[in-house]
2 protein chains.
Amino acid sequence: MAETVGLLGCGVIGGGWAARFLLHGFDVRLYDPASDAEGLAGEVLENARRAYRRLTLAPLPAEGSLTVVASAEEAAAGVAFVQESAPEREELKRELLAAASRAAGPDVVIASSTSGLLPSHLQADMERPERFTVGHPFNPVYLLPLVEVCGGERTAPETLERAAALYRRLGMRPLVLRREVDAFVADRLLEALWREALWLVADDVATVAEVDDAIRFGAGLRWAVMGTFLTYRIAGGTAGMRHFMEQFGPALALPWTRLTDVPELTEELLDRLVAQSDEQAGGRSLRELERLRDDCLVSVMQALRTHDFGAGAVLAEHERALFAAAPDGSGAAADEAPLRLHTAVVAPEWIDYNGHAHESRYLQVFGDTTDALLRHIGLDLGGGSSYYTVETHLSHLGQARAEERLHTTTQLLGHDEKRLHVFHSLYRAGDEALLATAEQMLLHVDTRAERVAPAAPELLARVERIAAAHADLPRPDRAGRAIGTR
Amino acid sequence: MAETVGLLGCGVIGGGWAARFLLHGFDVRLYDPASDAEGLAGEVLENARRAYRRLTLAPLPAEGSLTVVASAEEAAAGVAFVQESAPEREELKRELLAAASRAAGPDVVIASSTSGLLPSHLQADMERPERFTVGHPFNPVYLLPLVEVCGGERTAPETLERAAALYRRLGMRPLVLRREVDAFVADRLLEALWREALWLVADDVATVAEVDDAIRFGAGLRWAVMGTFLTYRIAGGTAGMRHFMEQFGPALALPWTRLTDVPELTEELLDRLVAQSDEQAGGRSLRELERLRDDCLVSVMQALRTHDFGAGAVLAEHERALFAAAPDGSGAAADEAPLRLHTAVVAPEWIDYNGHAHESRYLQVFGDTTDALLRHIGLDLGGGSSYYTVETHLSHLGQARAEERLHTTTQLLGHDEKRLHVFHSLYRAGDEALLATAEQMLLHVDTRAERVAPAAPELLARVERIAAAHADLPRPDRAGRAIGTR
């Protein structure tokens, strides 16, 4: 049975939590006094679904269901976890958290998304305040892995651990803070930069677009990969961190920031910010900007996944957990004829100058299908034994376009102790159009000796079972084809 | 003939400039009083070469040559451009720039890499100070596109334009500032964040690794994509920028940063920073960290290129310029038999769990070879006419591993007005081992009507020329193969 969580507030952050929980199979009870909570959550969920189709092919649980309720108490009653994401007003949050604490079960962890209010204050009016913690996420909540976990004076240590464990199940990277401090860690850093950015615009040194360019074409690229300290360690060269600090330390005392003042948000400054921001957006709608942001974030996280580093390592670990939690890597029965082992979504980066997927991407999907087949017969991918493709015959019968959902079928045409002869077909979901076929010959290899070798008996037994199930399937028309001009 | 630039200083920044200029075909005259300038530049160049092999397949000019010289005058005499990257001491920089200005030709632009010293001060002792500008890059200089261009009181406007134009030729993204200000724009933002980061460690709120995690798992991912202003515009939701500012403006006055103080770099704080930084590095050498950083940066930039956005748009534009500047997209003669049209390097992300390139990557290289062939016969890729692959027969004969250099050959097996029948072979550079072959049938398509159609006569004429040159080539053994078990 799906677990249920209670969410208080459905702005940009609350909506993001709703999407993240729903996509990970949790049912959500949502309270927001605004009239259109369901519509708002639905919009964020639509963006999130779109992003996840590209983010991962790992098996997510069946999506949870959303129920909008009429009070904080209703949201908190009977749920396994509560997350509050109301506007940043301490009184309002305290009230909501107190109400939730009276309605929720005694051991239910109650978390607040606050960007910077002190947990000791927020938990003051709660029943059983020891199960309260801050769980501060970052927008878009359904994509960015960071969540700061910070307890107050009365928070029990195990509350922090339980919250962190739940966030990890959502594919997040909890950063458990050892001390509470206004704005925690991340927002102190962001606020320092933001304040200086406002000064640069207020003093007319740069426009908002110029400030943004100064980040995204330079240090911003590094920050996606490494934080400031590791970056500077590298910049220090072989002499190391002490050398770097001694060389650049003196600059700290230079007038390089407007550090002693807070910029006043005059009407004039507000007007300037708004006008420059409109110009920067260049007429793109909020929805367009959100999708551009999400598309880029997904691609950046996937890029980092290829190096198993930073946010990419978080994603890779989450995918391993999702695969491990799925009842079967494929879900296919051993005797399905043909086998249905793999689905995929056409990512925008697969598209070439002709407007449809590059030919190599069809083979990528077929290769992933072969991997699914190998897992299906019990092969430990990356272990000492593997099947290598020695020959492939591809036929293209239609075109796959961005965001289309695909699935494949697999027919076993032949086998012996060293070989698998398979025929894959690739279909578009919806109209079930046949887009491509791939006939492949695979050879079993002892990967340590790098030599062709017979497969283990237990693998061969599973292959035999599939062969028996496929014995009566008609041979595909395109099997055994050769290329030739008339 | 290659252009020559003069570089003053060869630390991390000067070495990065040397690599960026050399890889873009400039000869470099380098002055650095340190004894091992050549060795240092060579190390950075080696990292840069490695990064560029993965960054782009666009045709870079032949690498320039490096000459280490004995004085600033020698570096500046007779060159087309001077870039100074000495340590951040105003007197030292003024002296070097003055010496260079006496030795360089009267119209030669002289730029300083200073992170924050005022250009009006730096140009004070120069001859013809109107050709001076700051050109402030970011580490690693050979990869990050940002360069801040900032003139002083006596700088001529055309100096800024000329410097920006040169930096663009290096694939960079110049940000020309309208006003000089200490630390320019980017370093003011970085310094604000850095100062707060030091406070967090000094006050023992977080370790250096925790501070870095608070960036790289959250806002850092966004900053690679969009700057702060555009990010917050989106976070503001449909209500827009004014709403966002009014909602979060009050937080500016909260004690969310240690904004009024400069952290003192005591011995105790230095020790703590160094110890925590050592722990964070986890025993990885500087060289390992540099490569990890570069690998991730390359992948992030390539990820953004798929969306033609931010640093990815800069890279895409640079590649278009490199292709346009190459004498021929391929360099192959029309009558070469077989044709040599394409080279590639195996990127680390091509490698699958078996330790060699995923099968789809071989087809990617063959697909790129087909694209090169199409360019070679005069097709305007992305125009109204194209060839689509309808059938491919791949044979795998060996394995490509990370960083190996590959090249392909192409033999035309047959053609008519609508079809091309080609046979590609993929070799490893060095031992010239044949790793794979691909036989392909391509159909000419009117892409607007999405219908098979005869190719234009001028394309067919070039195809005929290739066919004539290939008429006497023996037919490859593997042509016309079909897959079958014994």
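Is Glu158(B) buried or exposed, and how many other C-beta atoms lie within 10 Å? The legends below begin with that residue. The model is predicted; local features need pLDDT of at least 70, side-chain atom pairs count only at pLDDT 80 or more, and totals for chains, interfaces and linings use all residues. Residues are numbered from 1 along each chain as its sequence is written, and chains are lettered from A in the order in which they are written.

**View 1. Glu158(B) in helix H6 of chain B.** Glu158(B) is exposed, with 12 other C-beta atoms within 10 Å (exposed: 12 or fewer, C-beta atoms being placed from the backbone). Helix H6 spans residues 157-169 (helices are DSSP runs of H or I, at least four residues, numbered from the N terminus).

**View 2. Packing of H9(A) on H8(B).** Thr228(A), Phe229(A) and Leu230(A) meet Val208(B), Val211(B), Asp212(B) and Ile215(B) (contact: C-beta atoms within 7 Å).

**View 3. Relation of chains A and B.** A rotation of 180° with 0.0 Å of shift along its axis superposes chain A on chain B, with RMSD 0.1 Å (least squares on C-alpha atoms of residues with pLDDT of at least 70 in both). This is the relation of a two-fold axis. The copies meet through the same surface, because 99% of the interface residues of chain A are also interface residues in chain B.

Notes
Helices (H or I, at least four residues) and strands (E, at least two) are DSSP runs, numbered from the N terminus. A residue is buried if 20 or more other C-beta atoms lie within 10 Å of its own, exposed if 12 or fewer, and partly exposed in between; C-beta atoms are placed from the backbone. Axes are lines fitted to C-alpha atoms, for helices over the stretch in contact, and angles run from 0 to 180 degrees between N-to-C directions. Two residues are in contact if their C-beta atoms, placed from the backbone, lie within 7 Å.
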